[in-house]
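Please open the model in a viewer and follow this tour from selection to selection.

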Amino acid sequence: MSALETNPAAERSPELSQVHAALVAGERPPRPGIVAQCLTFGWRGMLKIKHVPEQLIDVTLTPVLFLLMFTYLFGGAVAGSTGDYLQFLLPGMLVQSVLFVSVYSGVALNTDMTKGVVDRFRSLPIWRPAPLVGAVVGDSVRYVLASAIVVVLGLIMGFDAEGGVPGVIAAVAIVCVFSFGLSWAFTTLGLVMRAPNAVMNTGFMLLFPLVFLSNIFVAPDTLPGWLEAFVDVNPISHLTTSARGLMGGDAETGSILISLLSAGVLTAVFAPLTVRLYRKA
Amino acid sequence: MSDSPAIEAEGLAKRFGDTRAVDGVDLSVAQGAVYGVLGPNGAGKTTTIRMLATLLAPDAGRASVLGHDVVSEADTVRSLVSLTGQLASVDEDLTGRENLVLMARLLGHDRAGARERGNELLEAFGLADAANRQVKNYSGGMRRRLDIAASIVVTPRLMFLDEPTTGLDPRSRNQVWDIVRALVGQGTTVLLCTQYLEEADQLADRIAVIDHGRVIAEGTPAQLKASVGRGSLHVRLLEPDQRARAADLLGEEAQLEPDPAGLSLPGAGAEQASAAIAALVAAGIGVAGFSLGQPSLDEVFLALTGHPAEEGEAEQVAA
C-alpha cells in the first residue's frame, strides 16, 4: 500500500532549501492599523475589477440597453420626443445601473465564503470587519465606473445636463452613497444564502420590482392611485428625483434628505447585521 | 510560555442542530512535531480545527493554543497560528503574486517588503513562473502550494493543515509532504487532519483517531499498529483467475484485497506464512510476490471503529 514511489526526487519543483530559508525569514512585522487593513482589502477589490471586468460590464450593459431601447423605442410615445424622454430617463438609468452593481457586494462575499477565503481572513490577526469594510469601500469605485459609463453614453446621445459638472458629480455622489447603504443589505444576503448564483438571483428579484415601481421610467401621476402611492414612498423614487434635480439644475432638498436618510438607515440596520453574521460564519 | 503544549483541549464539543459534530474531544499536542488527526469524512476533524483556529466557538469544553485560550484570547491565538483549509483558500481571481502580497500587506509588511516576501515564497514553492497567472488557471498542486505559502508569509508557531493532499496527484502530494517536513524541521508544530492513513503514517509523530466526534485512540503510529496485534501476510498472484482457489487453500481467514490478484491472511506469523506460500506453490498457483509485515493503519482503523476508513473524495464538511 505504500508502493507509490513513482516520482524521482529530482522532479520536485519546490526548492526545499529555499523553503527553509523562507521559513527562517518569516518574521512578523508590526501589526498594521485598521485603516491600512481596510485599504488593503479595497486594493483587492480593485484587482478584481482589473481581472474580472465582465462583472462590471454585465451589470452596466442592462442599463445601457435600457437607455438606448427606451429612449428610441418608447421615448416618442411616452414623452412626445426622444430628446425629452432622454432628459427624463438618464438620471434614472444612472440610479438603476449603480443599484445593480451593489448586488455584487453580496455575490462577492458569498463567493469568498464558498471558496474558503473567508476562513483565511478570519484566521488572521486583523480587525475582523476589515474585509467587509474594505470590500464595500472598494465597490464604490465600481459605482463610479458604472456611473461614468451611463453619463458618458447619455451625453453622447444628447443629454443636456443643466446642473453642469457640479450637478452631475453631486448626482453621482448621492447615488453612490445610497448604493453603499444598500450594498450592506446584499452582503447580509450574501452571508445567509448558499451559493453566489442564489445571491444574484434573489438580489435582482428584490431589486427589479423596486426599480420598475419607481419614477425611473414614467412620471407617477400617470399611474393608478394605489400604484402611485407606492411609487411615491419608494426610496428609489426619491433617489431618482434627487439625481434628476441635481443633474437638471433644480435640486429638491426633501428628496435628497430622504435619500441620505435611507442610506443611513440601511447602513445602520444591515452593516451591524452583516458583521454579526460574518463573525459567526 | 514556550513550554506550554501546542494544543490542549478538554471536552471540546460542537453541535449543529441535532448532529453532534464534535462530541467531547480531548487533545494534548506537544510543540515541534506533526500531530495527525485521522478519521473518515464527517468524523468532526474540520469542526475541531475550526474551533482550535478560533473560527468557531465551542459549545462546551475548553481549548488553548500555545497557552492561550481560544475563546478569551482569540486574537493572540490568531497571531500565533495559521490555517490551511480544506478548500485551498486563495483568491482565484487574483494572481499568485497578488495573493501573497495581499497576505503580506495584511500582516504588516510595507509595499516593498510585501513584494519581496511574495517573490521569495513564489521562488521557494516553485511558483515563480506562474506568479502572474490568475490562480483559477493553476493546477490543484500549484494551488495547494500557494495556499501553504500564503500561510507562512509570517512563519507561524502552529499550523493547521486540513486535508492538504485531498485530490492531489502523487507527485503533488509528495511535494506537499516535503513542505510539511520542512515546516517541522524549522520548528513549527503542525496539526494535520487527514483521512489518508498513509499520510498520517508518513508524516505524523503521534496520531489521534477520531470517529463520530470523539477521539477513539491515541498514540504513535507504531503503538496504534501494535495495539491490533500481529500483522498480515499479503500475497500477490501471477494469475488473478487463480485467486478463488488460493483463498480456499488458505482457509476461512483469507481476505480478498482490492487488487484483483491480491489476497491477505491476517494475523499470520512467520511459520504460518511460509506454510501458506508453500501450499500455494504446491497447488501450482503462481506467486508474484508476498510480504509479511506490521498491520497497516487501515487494519488499525477497522479494528478500532468496526468499519473501514472511507477513502473517497472529500465531501466538504458542513460548518
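Begin with helix 8 of chain A, whose buried residues pack against helix 4 (82-115), helix 7 (164-192) and helix 10 (235-248) of chain A; helices here are DSSP runs (H or I, at least four residues) numbered from the N terminus. This is a predicted model, in which local features need pLDDT of at least 70, side-chain atom pairs count only at pLDDT 80 or more, and totals for chains, interfaces and linings use all residues. Residues are numbered from 1 along each chain as its sequence is written, while chains are lettered from A and ligands numbered from 1 in the order in which they are written.

Within helix 8 of chain A, select A:Pro196, A:Val199, A:Met200, A:Gly203 and A:Val211, which are buried (20 or more other C-beta atoms, placed from the backbone, within 10 Å of the residue's own; exposed means 12 or fewer, and partly exposed in between). They lie on the same side of helix 8 of chain A because they cover an arc of only 90° around the axis, the arc being that of the directions from the helix axis to the C-beta atoms. Turn to the other side of helix 8 of chain A, where A:Asn197, A:Met205, A:Phe208 and A:Pro209 are exposed.

Next, show both chains: 42 residues of chain A are in contact with 46 residues of chain B (C-beta atoms, placed from the backbone, within 7 Å). Helix 1 of chain A supplies the largest share of the side that touches chain B, with 8 residues.

Note on methods. Helices (H or I, at least four residues) and strands (E, at least two) are DSSP runs, numbered from the N terminus. Two residues are in contact if their C-beta atoms, placed from the backbone, lie within 7 Å.
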